[in-house]
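I would ask you to read each point beside the coordinates.

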Amino acid sequence: MMIKPDTRTRVLAYVDDIDAHNYGAGRRARMFDNFLETLTAPVDAIRLLERSGITPDSPRPDLREARELQARIRYAAGFKRTPTALVVFGGNIKLDLAPVRSYGVTLAQASTSGVCNVCRWSTVGCRAGCVLQNGHGGRATVQRARIARTWLLYLHPVAFYAIMEHETAAAARTCERLGEPGVLRANVASDVPHERYTRALTASPWLLPYDYTKAPERQRPNVDGYALVRSIGEHHTTADIRRIALAGGRPVVIVDVSTKKADGAYIETMPPTFAGIPAIDGDLSDDHTKTPRGVVILLRGKGRPHVVAAMRSCGFMRAPVAA
Ligand code: SF4
């Protein structure tokens, strides 16, 4: 497999080099940040996966081997040389609003991993407002952890899916044992059509997958048992939103209403319709596995003033439309 050999070879060599030394965690983290700055040619993650030849039926490495590859990458990113979960339960404010057990896989959004773009269909507006946007002035630990997961997908896609499949099955078994159905958002900060490469996400009635996607339906079609909601970008018109909803889709629109809270609740309620289509308040729960088709999901634009201004000026965040 020869995909962007310059970058891939460099990244593999970097991981090997750090693994061969006994640097402290702080030094490894600083070196990682500095190395990231030199990565300037991220590839498209879907193209990478297609070229790798991975399918739901292609052989997977032994789980221990896959975890060893993950541990080496994490070590290079400044962490202990140990693997960690890809499929994470809890710890995400939005996902934790769901009334059921909620799991998520969080990569580094768009091209922030330096190696691959995991948001092929992202727009200027959504990248500006991405709630997982990296802060300036150094990368936080949580962001390095997301980048390390993304490096695993980039360097060793079959190892990534081996771990994801194992952990998804384990999460489903946990839900079954507890008698509590769960949900899995496999793209918390990415838009990778995992359903092309694994069947694990739809394998159990105890763990239901859902995702937000900006992909046109012809490029990421609906899949039975996988609730896909269609994120609306600044290029969509009101007529587009209405068409998607009336065709049985679940469009997600960022609307320009107050985000101020009182006692944890939003002050301003969402309008009951958008462009004449029934609408729901998507900020109340991130779980869309039961969201009916044909409704518009409304989210409030959030973030610091300059982020909100950027979303507003490009049209990503739009005013409610009554009819
Ligand atoms: S597609 Fe989603 S995850 Fe990617 S940059 Fe846009 S909002 Fe963030």
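1. Basis of the note. This is a predicted model, in which local features need pLDDT of at least 70 and side-chain atom pairs count only at pLDDT 80 or more, whereas totals for chains, interfaces and linings use all residues. Residues are numbered from 1 along each chain as its sequence is written.

2. Domains. The protein is divided into domain 1 (5-208) and domain 2 (232-323), the bounds coming from an automatic or database domain assignment. The C-alpha centres of domain 1 and domain 2 are 28 Å apart. Between them, 17 residues of domain 1 are in contact with 18 residues of domain 2, two residues being in contact if their C-beta atoms, placed from the backbone, lie within 7 Å. On the side of domain 1 that touches domain 2, helix H5 (93-96), helix H6 (124-129) and strand E5 (182-185) each supply at least two residues, and H6 gives the most, with five residues. Helices (H or I, at least four residues) and strands (E, at least two) are here DSSP runs, numbered from the N terminus. The residues of that side of domain 1 divide into 11 nonpolar, four polar and two charged, where Ala, Val, Leu, Ile, Met, Phe, Trp, Tyr, Cys and Pro count as nonpolar, Asp, Glu, Lys and Arg as charged, and the others, Gly among them, as polar.

3. Strand E6. Seven of the seven residues of E6 are buried, so this strand is largely enclosed by the rest of the structure; a residue is buried if 20 or more other C-beta atoms lie within 10 Å of its own, exposed if 12 or fewer, and partly exposed in between, with C-beta atoms placed from the backbone. Leu207, Pro209, Asp211 and Thr213 are buried on one side of E6, and Leu208, Tyr210 and Tyr212 are buried on the other. In a regular strand the side chains alternate between the two faces of the sheet.

4. Strand pairing. Strands E5 and E6 run parallel and are joined by four bridges, with Arg185 opposite Tyr210 in E6; two strands pair if DSSP finds at least two bridges between them. E6 (residues 207-213) also pairs with E7 in the parallel sense, over four bridges. In that pairing, Ala227 in E7 is the bridge partner of Tyr210, and Tyr212 stands opposite Val229 in E7. E7 and E8 run parallel as well, joined by two bridges, and here Arg230 stands opposite Pro251 in E8.

5. Helix H9. Which residues of helix H9 (residues 238-246) are buried? They are Ile241, Ile244 and Ala245. They cover an arc of only 95° around the axis, which puts them on the same side of H9, the arc being that of the directions from the helix axis to the C-beta atoms. What covers these buried residues includes strand E7 (227-231), strand E8 (251-255), strand E11 (273-274), strand E12 (277-281) and strand E13 (296-300). Just after H9, Gly248 takes a positive phi of about 95°.

6. The residues around the ligand are Gln109, Ala110, Cys119, Ser122, Cys126, Arg127, Cys130, Ala189, Ser190, Asp191 and Lys214, a residue being near a molecule or strand if its C-beta atom, placed from the backbone, lies within 6 Å of it. This shell divides into five nonpolar, three polar and three charged residues.

7. Backbone at two alanines. Most residues other than glycine have a negative phi, and most peptide bonds are trans. Ala110 has a positive phi of about 50° although it is not a glycine; Ala110 lies in the loop between strand E3 (101-104) and strand E4 (116-117) and is buried, with 22 other C-beta atoms within 10 Å. Ala275, in the loop between E11 and E12, has a positive phi near 55° and counts as buried, with 20 C-beta neighbours inside 10 Å.

8. Gly301. This residue is found in the loop between E13 and helix H10 (305-314) and counts as buried, with 20 C-beta neighbours inside 10 Å. The C-alpha atoms of Gly301 and Val257 are separated by 7.5 Å, although these residues are 44 residues apart along the chain. Leaving aside residues up to four places away in sequence, Gly301 touches Gly129, Ile254, Asp256, Val308, Met311 and Met317.
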